[in-house]
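I opened my notebook to look up a few things in this structure.

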Amino acid sequence: MKKTILFDLDGTLIDSTPAILDGFNAAFRAHGKSTPNHETVKALVGHPLDVMFAGLGAPTQLVPDYIAAYKARYEQIFLEQTSLLEGAAGALALASEFADVGVVTTKTSKFSIILLEHLGVMGFIKTVIGRDDVVNPKPDPEPINTALDRLGKTSAQDKARAFMIGDTTMDLEAARRAGVVGVGLVCGYGKEASLREYSNLIFKNAFEAVKFIAGR
């Protein structure tokens, strides 16, 4: 029976920080506001956009407009301002040799698939679950369970051989609640001390994590 490896996207496989910050800057400028503190934005990465904008002080009734402005700018620049993290391509290639591979992200699946194709790695991935595919995003287990369902890997035995690799506590909490093994990375937006509250499997990047899973 093949293992299952699900990857988060931002901070796990890709460095999209420049594009994300550019998008938030544009959204706040479009509403006549000063651009948000970049460290505060990065601390919120992994949450859905509505949660991020609320956390940055956007008025509740205007959050949909802020999101629209963000997406309009992001769509213009996300391909040129996003790159694969060190080891990410190798991680996906290795994972695909012994596991069914999926991506579980709070980006929309539309942008995610376009981006993964642009970066030349979509061929390793069997399913992409984005914010638009679920009602409840991470840390709810729904995105992971949806990915497993699409892969036909829903039995208890399947879940025992399934791994969720991510860089934030939301990834690891979702893994715990879904009943799969959570694997944390320190190459993204989360802090190691926080990740260790959810898992003792912590690695420097996705490739090191996949090498460990291959031998497990």
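This is a predicted model: local features need pLDDT of at least 70, side-chain atom pairs count only at pLDDT 80 or more; totals for chains, interfaces and linings use all residues.

I checked the volume of the largest cavity and got about 40 Å³. Which residues line the largest cavity? I listed Asp8, Asp10, Val45, Gly46, Lys138, Asp167, Thr168, Met170 and Asp171. Sorted by class, that lining has 5 charged residues, along with 2 nonpolar and 2 polar ones.

**The largest pocket**

Next I turned to open space. The largest pocket holds about 330 Å³. I found 20 residues in its lining, and Pro48, Leu49, Thr106, Lys107 and Thr108 are the closest to the pocket's centre. Helix 3 (49-55) and helix 4 (63-77) are the elements that give two or more residues to this lining. Helix 4 has the largest share, with 4 residues. By class I noted 9 nonpolar, 6 charged and 5 polar residues around the largest pocket.

Most peptide bonds are trans. Where does Pro139 lie? I found Pro139 in the loop between strand 5 (127-129) and helix 7 (142-150). Lys138 was already in my notes, as one of the residues lining the largest cavity.

**Helix 4 against helix 6**

I went back to helix 4 and looked at its packing with helix 6 (residues 109-118). The angle is about 10 degrees, and the axes are 12 Å apart. Angles under 35 degrees count as roughly parallel, so helix 4 is roughly parallel to helix 6. On the helix 4 side I wrote down Lys71, Tyr74 and Glu75, which meet Lys110, Phe111 and Leu115 in helix 6. This contact has 3 nonpolar and 3 charged residues, and no polar ones.

**Helix 5 against helix 11**

My last entry is on helix 5 (residues 88-98) and helix 11 (residues 206-214). They pack at about 20 degrees, with axes 8 Å apart. That angle makes helix 5 roughly parallel to helix 11. Is the crossing left-handed or right-handed? I have it down as left-handed.

From helix 5, the residues in contact are Gly90, Ala91, Leu94, Ala95 and Phe98. They meet Ala206, Phe207, Val210, Lys211, Ile213 and Ala214 in helix 11. I sorted this contact into 9 nonpolar residues, 1 polar and 1 charged.

Note on methods
Residues are numbered from 1 along each chain as its sequence is written. Side-chain values use heavy atoms; hydrogens and water are left out. On a 1 Å grid over the protein atoms alone, a cavity is a set of points where a 1.4 Å probe fits but cannot get out, and a pocket is an open set with protein on both sides within 12 Å along at least five of seven lines; lining residues have an atom within 4 Å of a point. Grid points are joined across faces, edges and corners, and a volume is the space filled by probe spheres set on the points. Ala, Val, Leu, Ile, Met, Phe, Trp, Tyr, Cys and Pro count as nonpolar, Asp, Glu, Lys and Arg as charged, and the others, Gly among them, as polar. Axes are lines fitted to C-alpha atoms, for helices over the stretch in contact, and angles run from 0 to 180 degrees between N-to-C directions. Angles under 35 degrees count as roughly parallel, over 145 as roughly antiparallel, 65 to 115 as roughly perpendicular and the rest as oblique. Contact means heavy atoms within 4.5 Å. A crossing is left-handed if the near helix is turned anticlockwise from the far one by less than a right angle, and right-handed if clockwise.
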